[in-house]
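Please study the sequence and the model before reading each solution.

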Amino acid sequence: MMKFTKEHEWINVEGDIGTVGITDYAQKQLGDIVSVELPKVGAKVKQFGRLALVDSMKASSDVYASVSGEVVAVNDGLSQNPQWVNESAEEKGWFAKIKLENQGELGNLMDKLAYDEFVKGIKH
Amino acid sequence: MARDACGTLGELKLIFEHEGTNTNYVPMDMALNDRLPSPFNRKNLPLPDVSEVDVVRHFTLLSQRNYSVDTVFYPLGSCTMKYNPKINESASRLEGFAAIHPLQPAETCQGALQLMYELERDLCEITGMDAVTLQPAAGAHGELTALMIARAHFHGKRKKIILPDSAHGTNPASAAICGFEVVNIPSNEKGCVDLPALEKAMDETVAVFMLTNPNTVGIMEENMPEIVRIVHGKGGLIYCDGANMNAMLGITRPGDQGFDLMHLNLHKTFSIPHGGGGPGSGPVCVKAHLEKYLPLPRVVKKGDEYSLDYSKPDSIGRVRSFHANFGVLVKAYAYIKALGPGLKKVAEAAVLNANYMLASLRGSYPVPHDRLCAHEFVLSGDARASEGVHTTDIAKRLLDYGYHAPTIYFPLIVHEALMIEPTETEGKETLDGFIAVMRKIAGEPAELVKGAPYTTPVGRLDGVAAARKPNLRWNREA
């Protein structure tokens, strides 16, 4: 089940492991992504605290952790292939896997329907 | 794709690629190798083996390809690319300034010390602050110095910095380097500080609220007294990012608005060539209660005598070797003394020019924060997104008409931002020329704009490939 943040990150939780990345909407807004700085495996992160950094041709942006917990894996290929985020933000372009500390935090996130509504409400 | 589109200029070779192309030169009759002591006589220095005439042509041609304020209108928002009077250059090259050594005794360089002392006093008068350090090498260094002062003031006990989401990227970077945690607050509909958000974020753990005024969408903050009340109410300091001082010269002073400390960009506001690495100058100005933390040495005056004072125990210490970018200080001093009270006219003309352009372009481009602006304004290049025309295309197309592009994709709170700052040194004719071109581009066929530029020595470069796989260095082996 996928959940979303207001900062345009997604998380896909299976058991107590959540795979996280940025949404397709986010990659479209950022444009061509030229580098991704991932956390270290073993790093402890807090919900909505800093997780990673993406540089695009337009801007340098923080990526926040959707949940608190420990980073148990990162997408190793991403550093060499930042274009994966543009090509497949919500699958191949995942950033990290986090071992959830508190399942209750998922209640602070939006489901797909709510996120789509949220994006529609953003005016340019 | 590189191509020869500029007549005699053509495609430039790297200096190394001239090797062996002009062998018909007369060698010097000086056996340098025999005259140098052997330890200094290296056989395999990887220097280009080219003739003098090739070296001179290479660099002269390169210089002819430069875009500069001396050749074209340069409306790069947030950068204040005003014309730099040449008398500043003459002043900074006077032998008494250019040929002194930073370690020579104070009594032998009284003029230089006097200039620094008087420049500090003038900057106090202009900003409404009480004391100044001239040491920081440029704006971001000034930010860092100011935050080090704040850290000393709070004895390291307060760990947070609040920033609006419209802040210059250097603000969070300086805060992070100084060991602070950054808290972002959103801007309101008008592009100004969201007071309830500030009130909510502000508590006794916050050291500094950093604010750019006028802010990065080119608007003066209208709630300064309330902002000051909120921040000072919790014992915090308010810092002014002085990048936009050109809008305020002689009209209003950050010190009077309630700011505790700030930095100036002498190279922007006070007419010094900048871009491409400086050298710049980023003095930090503080209210009296923060003076004891300023970097050392301080220039002091006793009677008619100037000297350097190293005896301030609370100082954060040195932030720059010797006496900063001294030549830059001379240029700022020359500019301030030449204009005197006329500095007020600088701000008036800068604001008038920006508002004239904004009013003239309003019908052709969306204006997300559409109000009377300060010295710059932000348009959106979003209107033709459905045709695939983006801000970057408009910026490239401007090059075809001989203009430097505005700042693009900043500030981040404006979608497809185009940030235009004309400065006071441009006349109405220049502004009208740029306005006409901007209007024309707004109506040009999408395919034409997306393929720009056409008239530059090289066409559209693959910025993505350059960023993903940068190739920065020529290799002899390659």
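**Exercise 1: Strand pairing**

Task: Determine which residue is the bridge partner of B:Cys240 in β6(B).

Solution. The bridge partner of B:Cys240 in β6(B) is B:Met262. The model is predicted: local features need pLDDT of at least 70, side-chain atom pairs count only at pLDDT 80 or more, and totals for chains, interfaces and linings use all residues. Residues are numbered from 1 along each chain as its sequence is written, chains are lettered from A and ligands numbered from 1 in the order in which they are written, and side-chain values use heavy atoms, without hydrogens and water. Strands (E, at least two residues) and helices (H or I, at least four) are DSSP runs numbered from the N terminus. Strand β5 (residues 237–242) of chain B runs parallel to β6 (residues 261–264) of chain B, and four bridges join them. Two strands pair if DSSP finds at least two bridges between them.

**Exercise 2: The sheet**

Task: State the order of the seven strands in the open sheet of chain B.

Solution. The order is β1-β7-β6-β5-β4-β2-β3 (chain B), with mixed pairing. At the edges lie β1 (131–133) and β3 (181–185) of chain B, each pairing on one side only.

**Exercise 3: A helix face**

Task: Identify the buried residues of α7(B) (buried: under 20% relative accessible area, 1.4 Å probe, protein chains only).

Solution. They are B:Asn171, B:Ser174 and B:Ala175. Seen down the axis of α7(B), these residues fall within an arc of 100° (taken from the directions from the helix axis to the C-beta atoms), so they line one face of the helix. Their cover includes α6, β2, β3, β4 and β5 of chain B. After α7(B) comes B:Gly179, with a positive phi near 90°.

Definitions and conventions:
Buried < 20%, exposed > 50% of the residue type's maximum accessible area, 1.4 Å probe, protein only. Contact = heavy atoms within 4.5 Å.
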